[in-house]
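I open this notebook to record what I looked up in one structure, entry by entry.

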Amino acid sequence: ILSEPVGAEPRTIEEQLNRAKALNNEFVAQGRLVDNAKQAVSALLRSLEGQQSPAEMAALESPVKELENKYNQLSEALSEKVQSLDTALVQSQGVADALDSLMQWLSSTENQLK
């Protein structure tokens, strides 16, 4: 979804927006798993305090920090995609409405010239 180009038609953009919103909602809901991992490693580190070297403690904490960073990056990218699709949908609908008006005017003008 993130690398997918924005559609040209309002209906296509709306479908992309709905998929992106659904994925974003699911992603946010799964954020608790990252929080659980952070809490678990924090509890582990507290229980091992004084028994492990700072390097060993950092080695335990590092994967969870990486996970949190990746989660935050993806979450931000998804939010930006949803926002950009929402903007594109509004603009696309405006263009479609303007084209419809122009087509009606051309049709009306053509009928008057006959």
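Where is the place of Leu2? I find Leu2 in the segment before α1, where helices (H or I, at least four residues) and strands (E, at least two) are DSSP runs numbered from the N terminus. Before going on I note that this is a predicted model, in which local features need pLDDT of at least 70 and side-chain atom pairs count only at pLDDT 80 or more, while totals for chains, interfaces and linings use all residues. Residues are numbered from 1 along each chain as its sequence is written, and side-chain values use heavy atoms, with hydrogens and water left out.

Entry on Leu2. I looked up its accessibility and found Leu2 partly exposed, because its relative accessible area is 38% (buried means under 20%, exposed over 50%, partly exposed in between, with a 1.4 Å probe and protein chains only). Leaving aside neighbours within four places in sequence, Leu2 is in contact (heavy atoms within 4.5 Å) with Leu74, Ala77, Leu78 and Lys81. I also note that Leu2 and Glu80, 78 residues apart in sequence, are 9.2 Å apart in space from C-alpha to C-alpha.

Entry on the whole protein. I count 3 helices and 0 strands, and from the N terminus on the elements run α-α-α. The C-alpha trace spans about 95 × 20 × 15 Å along its principal axes. Of the 114 residues, 21% count as buried.

Entry on Asn24. This residue is found in helix α1, residues 10-29, and Asn24 counts as buried because its relative accessibility is 13%. Not counting residues up to four places away in sequence, I see Asn24 touch Ser75, Leu78, Ser79 and Val82.

Entry on the cores. Which residues form the largest nonpolar core? I list 7 residues, namely Ile13, Leu17, Ala20, Val82, Leu85, Ala88 and Leu89, a nonpolar core being a set of buried Ala, Val, Leu, Ile, Met, Phe, Trp, Tyr and Cys residues joined through side-chain atoms within 4.5 Å. Helices α1 and α3 (54-113) each supply at least two residues of this core, and its largest share, 4 residues, comes from α3. Apart from this core lies another, of 5 residues, among them Val41, Leu45, Met57 and Val64. I then looked up Ala20, which, leaving aside neighbours within four places in sequence, is in contact with Ile1, Leu78, Val82 and Leu85.
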